[in-house]
Every structure is written in C-alpha cells, then in structure tokens.
Amino acid sequence: MSPEITKHNGKHQSAPLRSMPPPSSFTPVTPHLAISPTVSVVVPAMNEAENLPHVFATIPQWVDEIVLVDGNSVDDTVAVAKRLRPNVKVIMQTGKGKGDALSAGFAACTSDIIVMIDADGSTDGREIISFVGALVTGADFVKGSRYAAGGGSDDLTLNRRLGNKVLTGMVNVMYNTKYTDLCYGYNAFWARHLDALDLDCDGFEVETLMNVRAAKAGLKVHEVPSHERNRIHGESNLHAVRDGFRVLKTILKEWRRQPSPPQPEPTATPAADRGVA
C-alpha cells in the first residue's frame, strides 16, 4: 500500500493510506459509478396520492430507504406509496406542518445520508445523485438552488421570487454566507449532523431554519443546481405572504440565539472518506 505524504514543520512525513472498503460495500449507480454511503429519502406528504406515482418514479432504485411521512391524508396516499414501493417506511405524523413532518421523517432514517424532497412532483428525484455526489466529496450539507447555473423554476411567481431574493440577501449579510436560494425544499446532509440542525419549527420556514443552522454550526455547505417544476395535481398549501413573514421571523429569532458550537470531526472514518468508486 502506498503511503500518504504530508508536511509537518516543513518536513515530509508519510502515513499509511486508509484501506479501501470491499467492493460488496458499494452500491452501483451507473456502470461507471458506485457509492458506499447508504441513502434515505424523506417525503412529507398529505393527500398526494395522485402525485406519488410521478415522484417515486424519479427516485433511483439504488436509494436504500424511502421514508414517507403522512400528514393524516384522507386520500390513498399511504396505500399508493406501499403499492409503488412495498418496502417504503411509513411514518404517521402526529403534529402539523412541513417542519414537523420532516423532523419525524429524519428521526426515522437509518442511512448515512438524508435527502428531503417534496411529494407534489416539483422536485426531481433524478437529481439526488448530484446531492449525494457533493456530500461524498466533502460537503456536510447540500442545498438545491434554482438560481445556480443549470437550475431554474417553472413555479416561482414574482412575489415569491422577490421575497426569496430579499430574505436570501438578509441571511448572507447576517451569517456571512453566499447562498443563492434560501427558501427551497430540496436539501441533503450527513445524518450525523442532524443534532446541529435541531429542527424545532412546524411550517414552511423549515428550509430557512436548516440553512441558517448549518451556517451557524460551521458546516461545509455546497449548492447544486436544481430545477423546480410545477405541482402536478392539487393545490399548494404555501401562502407567499404568510409564510414569508414566518421565514423573516425565523431569521431574526435565530440571530438573537447563541451561535451553535462548531461540529467536531467524526472520530471514526466517515462515509465521505469511503467515497465514490
């Protein structure tokens, strides 16, 4: 095994490289790519039975676990999910709101990596590989961005676009970040950072809270381009003005809180070091 060469006090030193995990521990993604970490996808859903066939069809087969959080649906959301993916893990939400649903879903995940997508068809599961790829190459938290090169949206109204721009600018100034998109529900992170995010909100402000707390905890945040599509069926529960004020309140509340302590480096070899093959 070849040594890894490092410098200490100007002198070269060698240390043995970490051993490569056995091929059986990698999950094939394409004929040329495999990943070692396990991946859970959390899908909060309420009355999304018509949309789930489209959503689940985009989630790659190599994903290890799908966690559907059902918000007391009155349609066949749960039955459709079980028909589409018999091994889906269904969590019945006891509270209300997207933030509460995601908290319940994250707590039920068993994988190294957690990805959150929407159940209305607006987020494309085929983009999951971009999020996972950024994580296994060094990121702690990965944000989807509709404004990064290659991203976009079919659903942003003028009011939502302006509100997102103002709120994103506020967070960048207050927390010294360089985010391009604050209020978007497509994110992924290493499960070991769940305590740093410490979600304690109920509504659509959850994405903002995650982004702010990731920055406060000193996590390595990376943005990847994502294209938001229109909801396929049904009507959104998002209200731009009401939820915009909730986001603003969350930003100001977090600013008054004590900063989160930096996250310690994991003592064991992290899944990121097991990498991509």
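## Cysteines

Does Cys201 count as buried or exposed, and at what relative accessibility? In this predicted model, Cys201 has 11% relative accessibility and therefore counts as buried. The cut-off is under 20% relative accessible area.

Cys109 falls under that cut-off too: its relative accessibility is 15%, so this residue counts as buried. The structure holds zero disulfides.

## Overall fold

The protein chain has 277 residues, and 47% of them count as buried. Its secondary structure comprises nine helices and 13 strands.

## Surface

## Helices α3 and α7

Two packed helices are described by the angle and the distance between their axes. Helix α3 spans residues 98-108, and helix α7 spans residues 206-216. Their axes come within 9 Å. They cross at roughly 60°. The two helices are therefore oblique to each other.

On the α3 side, the contact is made by Lys98, Gly99, Leu102 and Phe106. On the α7 side, Val206, Glu207 and Met210 take part. By class, the residues of this contact divide into four nonpolar, one polar and two charged.

Note on methods:
Residues numbered from 1 in each chain as written. Predicted model: local features only at pLDDT ≥ 70, side-chain atom pairs only at ≥ 80, totals over all residues. Heavy atoms only, no water. Axes fitted to C-alpha atoms, helices over the stretch in contact; angles between N-to-C directions. Helix = DSSP H or I, 4+ residues; strand = E, 2+ residues; numbered from the N terminus. Parallel < 35°, antiparallel > 145°, perpendicular 65-115°, else oblique. Contact = heavy atoms within 4.5 Å. Nonpolar A, V, L, I, M, F, W, Y, C, P; charged D, E, K, R; others polar. Disulfide = S-S within 2.5 Å. Buried < 20%, exposed > 50% of the residue type's maximum accessible area, 1.4 Å probe, protein only.
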